[in-house]
Amino acid sequence: MSGQGRRLTGGDLAGDPLTVARSLLGCHLVAGPVALRLTEVEAYWGVDDPGSHGYRGMTPRTEVMFGPAGRLYVYRSYGVHWCANIVCGAKGECAAVLLRAGEVVAGYGVVEQRRPGVRRRDLARGPGRLTRALGIVGEDDGAAVVGRGAPFVLRAPAEPVAAERIRTGPRVGVSGPGGDGERYPWRYWLADEPSVSPYRPGRPRVRRG
């Protein structure tokens, strides 16, 4: 497959999530016949990040986020669609990078069957669309993306992404302290990529009754 470099290892993902998030841009995530080039991601950093699922510590739901690096953390968003994260950092640290968007570079026919009637730029434009394009579901929580026999494969881009192509800003849909773009400008994307999702600020939930 053109555009792909070496296969990533757990060591490549063992850094802090801000560094790993940047390094994932341009990488290819391969799931069977389908491959995406990652164009947009968000970093989440555990107990010091109010926007993270791990902010209040480990639970059965978030255990995967606490490492080791190189696995998927998959969760259902608002009961509607699956979201996938790459777990990174040191074991026990609770660090992950949400996969927000990508460009389909292989397996168009399979993706178009999963998402019929959708424009190519929109096939994986947003975290729910991305998981559907790759066929990622809840049962993939904890699945490896590194190592021999891993069901998913991460490959570096054939050529490094130029630093001037990387943009950063507030995370999408995160409300409360974790949505403060000045403190948490932890969304990263590639400039001038049609597959990057639109920015929407978070809205606090209103408790009714």
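The legends below describe several close-up views of a predicted model. Local features are given only where pLDDT is at least 70 and side-chain atom pairs only at pLDDT 80 or more, whereas totals for chains, interfaces and linings use all residues. Residues are numbered from 1 along each chain as its sequence is written, and side-chain values use heavy atoms, with hydrogens and water left out.

**View 1. Ring pairs link Trp45, Tyr184 and Trp186 into a cluster.**
A search of the whole structure finds three aromatic pairs, where rings of Phe, Tyr and Trp (its six-membered ring) pair if their centres lie within 6.5 Å, and planes under 30 degrees apart count as stacked, over 60 as edge-to-face and the rest as tilted. Tryptophan 45 and tryptophan 186 form a tilted pair, with 6.3 Å from centre to centre and 55° between the planes. Because tryptophan 45 lies in the loop between strand E3 (34–44) and strand E4 (72–77), and tryptophan 186 in the loop between strand E8 (166–169) and strand E9 (187–190), this pair ties together parts that are 141 residues apart in sequence; helices (H or I, at least four residues) and strands (E, at least two) are DSSP runs, numbered from the N terminus. Tyrosine 184 and tryptophan 186 form an edge-to-face pair, at 5.0 Å centre to centre and 85° between the planes. Tryptophan 45 is partly exposed at 27% relative accessibility, while tryptophan 186 is buried at 11% and tyrosine 184 is buried at 4% (buried means under 20% relative accessible area, exposed over 50%, partly exposed in between, with a 1.4 Å probe and protein chains only).

**View 2. Arginine 76 and arginine 187 each have a charged end over a tryptophan ring.**
The charged end of arginine 76 sits 4.0 Å from the centre of the ring of tryptophan 82, and that of arginine 187 sits 4.2 Å from the ring centre of tryptophan 189. A charge is taken to sit over a ring if NZ of Lys or CZ of Arg is within 6 Å of the ring centre and within 35 degrees of the ring normal.

A search of the whole structure finds zero disulfides, a disulfide being a pair of cysteine sulfur atoms within 2.5 Å.

**View 3. The backbone at proline 68, cysteine 94 and aspartate 192.**
The peptide bond from glycine 67 to proline 68 is cis, with omega near 5°, and proline 68 lies in the loop between E3 and E4. Cysteine 94, in the loop between strand E5 (81–88) and strand E6 (95–106), has phi near 65°, a positive value in a residue other than glycine, and is buried at 0% relative accessibility. Aspartate 192, in the segment after E9, likewise has a positive phi, near 60°, but is exposed, with a relative accessible area of 78%.
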